[in-house]
Amino acid sequence: MTTRKPLMAGNWKMNLNHLEAIAHVQKLAFALAEKDYEAVEVAVLPPFTDLRSVQTLVDGDKLSIAYGAQDISAHDSGAYTGEVSGPMLAKLRCSYVAVGHSERRQYHGETDEICNAKVKAAFRHGITPILCVGEGLDVRKAGDQVAHTLAQLDGGLKDVPAEQAGTVVIAYEPVWAIGTGEVATPADAQEVCGAIRGRLAELYSQELADAVRIQYGGSVKSGNVAAIMDQPDVDGALVGGAALDADEFVKIVRFRDQ
Ligand SMILES: O=C(CO)COP(=O)(O)O
């Protein structure tokens, strides 16, 4: 069985300006010890306007903190006012980009087709997409969470070749658990994350499915992360609110010490 290094990523959403970003990453770098980086990969997803500051800090001090963006244009250049392209993110040496976060799907009309184009744009420029999937409350109440989430997975990865899909990160984020304090139970998280891995095995191969990291996201905190990470198919967390507090995020990174 493949060992998957857990990926703890902080999605800052629309919080922290570029000066606050520097202070925050410095605090993380100061608090994290060598052994944390060995056990867990740590990443931050700041707003676009912070990326240059974060890059300069990470490069200058050779920090082992990965960073990336919260969105990417499906297009590589041209008349797309307000968008930020894959080549621009690659030039800033972004390792990751979130694609299809539920807030983008909900407030910006992102469909599975758009997410698919963004996943492909990320791969075209050597950036690892973190494809976000997950059901809303109505779907959960109807018991259709697995089918709904797998349909988003299929849509996001449509025509993505195995060489690329083998490095994707999937974030299972049930919408009803985001920012609500209502965390999914470890069993809820495992049910869907396990189904995602099963679907990856069907779409590609068991070997590929075993290599892909699947994160859980939705009200993750230092107090609940360990039980979620105990689940066999959960390989990390995509953390929103709790990632804005550096001390709390470091505790989440150190989930094994609890
Ligand atoms: O949306 C999320 C991460 O992408 C989760 O947000 P919260 O951790 O604030 O619930």
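Predicted model: local features only at pLDDT ≥ 70, side-chain atom pairs only at ≥ 80, totals over all residues.
A crossing of two helices is right-handed if the near helix is turned clockwise from the far one by less than a right angle. H8 covers residues 145-156, and H10 covers residues 186-203.

Start with that pair. The axes of H8 and H10 come within 10 Å and cross at roughly 45°. Angles under 35 degrees count as roughly parallel, and 65 to 115 as roughly perpendicular. H8 is therefore oblique to H10. On the H8 side, the contact uses Gln 145, Val 146, Thr 149, Leu 150 and Leu 153. Facing them in H10 are Glu 191, Val 192, Ala 195, Ile 196 and Arg 199. Sorted by class, the residues of this contact are six nonpolar, two polar and two charged.

Stay with H10 for a moment. Pro 186 belongs to this helix. Is Pro 186 buried, exposed or partly exposed? A residue needs 20 or more C-beta neighbours within 10 Å to be buried, and 12 or fewer to be exposed. Pro 186 has 17 inside 10 Å, so it counts as partly exposed. Leaving out residues up to four places away in sequence, Pro 186 touches Ala 227, Ile 228, Asp 230 and Gln 231. Thr 111 is another matter. It sits 75 residues from Pro 186 in sequence and 28 Å away in space, C-alpha to C-alpha.

Now turn to helix H1, residues 18-31. Take H3 first, which spans residues 51-60. The axes of H1 and H3 are 8 Å apart, at an angle of about 30°. That angle makes H1 roughly parallel to H3. Their crossing is right-handed. H1 brings His 18, Ala 21, Ile 22, Val 25 and Gln 26 to the contact. H3 brings Ser 53, Val 54 and Leu 57. Five of these residues are nonpolar, three are polar and none is charged.

H13 comes next, at residues 246-253. Here the axes lie 9 Å apart, and the angle to H1 is about 40°. H1 is therefore oblique to H13. This crossing too is right-handed. His 24, Lys 27, Leu 28 and Ala 31 of H1 meet Ala 246, Phe 249 and Val 250 of H13. The classes here are five nonpolar, one polar and one charged.

The last stop is an annotated site. Which residues does UniProt list as "binding site"? The unreviewed entry names Asn 11, Trp 12, Lys 13, Gly 179, Ser 219, Gly 240 and Gly 241. They are spread over 231 residues of sequence, yet they cluster in space, with a largest C-alpha distance of 13.8 Å.

Gly 240 lies in the loop between strand S8 (236-239) and helix H13. It counts as buried because 22 C-beta neighbours fall inside 10 Å. Apart from residues up to four places away in sequence, Gly 240 touches Asn 11, Lys 13, Ile 178 and Gly 179. Among these, Asn 11, Lys 13 and Gly 179 are also in the UniProt list.

Ser 219 also sits in a loop, between strand S7 (213-217) and helix H12 (225-229). With 21 C-beta neighbours inside 10 Å, Ser 219 is buried. Its contacts, leaving aside neighbours within four places in sequence, are Ala 177, Thr 180, Gly 181, Glu 182 and Val 183.

Notes: Residues numbered from 1 in each chain as written. UniProt positions renumbered as here; feature names shortened; annotations may be inferred. Helix = DSSP H or I, 4+ residues; strand = E, 2+ residues; numbered from the N terminus. Contact = placed C-beta atoms within 7 Å. Axes fitted to C-alpha atoms, helices over the stretch in contact; angles between N-to-C directions. Parallel < 35°, antiparallel > 145°, perpendicular 65-115°, else oblique. Nonpolar A, V, L, I, M, F, W, Y, C, P; charged D, E, K, R; others polar.
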